[in-house]
Amino acid sequence: MDKGLGAGIGDIISHFQNSSCSDGVQEPCIWASPGGARKIDIGKQIFCNRSLNMKNIVAVGFDMDYTLAQYKPETFESLAYDGTVRKLVYDLGYPEELLEWSFDWKYMVRGLVLDKKRGNILKMDRHKYVKVAYHGFREMSKEEKVEAYGNTLIRDAFDEPDYALIDTLFSLAEAYLFAQLVDFMDNNPGKVSKSTDYVRMYKDVRAAVDLCHRDGTLKQMVAKDPKTYINEDRSIVPMLKMLRESGRSTFLVTNSLWDYTTIVMNFLCGSHTLDGGITCNSDWLLYFDVVITGSAKPGFFHEDNRANLFQVEPESGMLLNTDNGTPMPQVGDISPGLLLKEKNGTCRIFQGGSVGHLHKLLSIESSSQVLYVGDHIYGDILRSKKVLGWRTMLVVPELEREVELLWELRDLRKVSFRSFHHTSSMFYDNLRMLKSSIRSDSQYIATLIGRLQYRFT
């Protein structure tokens with residue numbers, strides 16, 4: 001979604017609306033069809049693969065990065081790519097030629113598999129058969145694919161440690177850089193250390209990416225100018241308001257820490273000034289009941305996770321000990337201000353913990369009462385669905401254009417289908433007539449042969 005998840009969620013095909021009784025008393029918001037509401041682009045609608053009764057949902061939660069915050073690939077992914085290249089050159093000793101490279105953010109897509117040992121990028125079908133394979137940027141022939149992946153008695157699982165899944169938008173830049181390094185090493189013998197093979201190169205790329213995240217290179221740049229790297233979306237706040245006005249709890253669970261989370265969420269939900277700027281405050285916390293930062297998903301979703309839960313003091317970012325979500329006074333400081341804020345019903349902010357803490361904080365009796373929205377099919381959706389039984393919604397920005405094309409070409413597909421059906425009907429009619437004619441001719445020939453045999457005997 002090039003307008004961000006907020007556009008996808010905020011423009012949802014279903015929404016809350018207020019209704020009034022005959023006595024003028026306003027009824028609670030309900031989850032209903034938009035009816036005569038403004039037209040929603042097909043690429044930004046919500047599609048369900050099973051029914052969901054929203055009456056049973058008491059809490060709706062969100063991931064932040066690539067869910068509420070939709071990053072611009074042309075700027076953010078390029079920033080991640082450039083930072084990784086610099087780490088490879090200046091920290092890991094790779095040739096300076098790498099600094100001249102550039103990133104094509106449209107080249108890679110999620111769903112590919114990276115073969116660390118052979119330096120290949122694989123496109124596979126649902127049955128784990130390799131359909132297309134590239135060595136670096138060179139497409140492999142059918143014979144090469146069969147030789148590499150089709151001549152084993154035991155079928156390869158294509159899992160770690162020999163393979164890496166390109167399953168997040170964050171991993172597109174590193175996959176592209178890996179392909180560039182494969183080509184560079186193949187075409188420039190001696191430029192890379194002889195002890196460096198494809199596996200070592202992949203580990204170096206991963207190490208460089210981790211360095212960019214650990215030293216704050218990426219997040220510092222985003223924090224300085226969020227508008228350059230994150231899509232603005234004015235529909236996120238109305239969506240969150242509708243959810244809360246319906247009586248449901250809302251929560252945010254993100255792996256990002258508090259200092260970065262508050263900058264991004266303030267950009268997405270903060271007040272806009274006349275000159276297009278954003279006023280820096282914590283008003284966005286009004287739209288959530290609980291915010292958990294540094295959650296370390298997917299481990300967060302395991303109930304046996306014993307990670308400590310700390311409460312975050314929003315002004316200073318300090319961490320306070322808690323007992324299952326209840327603040328524990330520090331020695332010599334009972335933190336009366338913090339306790340007073342909680343009594344007034346403002347959002348509670350934490351770091352770490354596990355899903356058990358979240359359920360207690362929101363007084364959730366059954367996991368099926370939670371709807372969680374995320375972008376990572378493994379870290380957000382599968383773990384929370386299979387382990388907990390949460391209801392889940394997956395954000396897939398890549399499908400927006402495909403859905404739009406399917407809709408735009410629907411009439412052409414109908415014509416093509418009718419033409420195919422007419423042609424196939426004619427073909428089968430002619431085939432039946434030919435078979436019938438052959439049977440008739442065969443019977444006539446058999447009769448003629450029988451007569452000849454009788455005459456000569």
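The largest nonpolar core in this predicted model holds 74 residues, and Phe62, Leu268 and Phe288 have the most contacts inside it. A nonpolar core here is a set of buried Ala, Val, Leu, Ile, Met, Phe, Trp, Tyr and Cys residues joined through side-chain atoms within 4.5 Å; buried means under 20% relative accessible area with a 1.4 Å probe, protein chains only. Helix H4 (residues 172-187) supplies the largest share of this core, 11 residues. A second, separate core has 18 residues, among them Phe251, Ile292, Phe350 and Leu388.

Helices are DSSP runs of H or I with at least four residues, strands runs of E with at least two, numbered from the N terminus. The axes of H4 and helix H5 (residues 198-214), lines fitted to C-alpha atoms over the stretch in contact, come within 10 Å and cross at roughly 140°. Contact means heavy atoms within 4.5 Å.

| Helix | Residues in the H4-H5 contact |
|---|---|
| H4 | Glu174, Leu177, Phe178, Leu181, Val182, Met185, Asp186 |
| H5 | Tyr198, Met201, Tyr202, Val205, Arg206, Val209 |

Threonine 293 lies in strand E10 (residues 290-293) and is buried, with a relative accessible area of 0%. Beyond four places in sequence, threonine 293 touches residues including Trp258, Val312 and Phe350.

Residues are numbered from 1 along each chain as its sequence is written. The model is predicted, with local features needing pLDDT of at least 70 and side-chain atom pairs 80 or more, while totals for chains, interfaces and linings use all residues, and side-chain values use heavy atoms, without hydrogens and water.

Key. Buried means under 20% relative accessible area, exposed over 50%, partly exposed in between (1.4 Å probe, protein chains only). Axes are lines fitted to C-alpha atoms, for helices over the stretch in contact, and angles run from 0 to 180 degrees between N-to-C directions.
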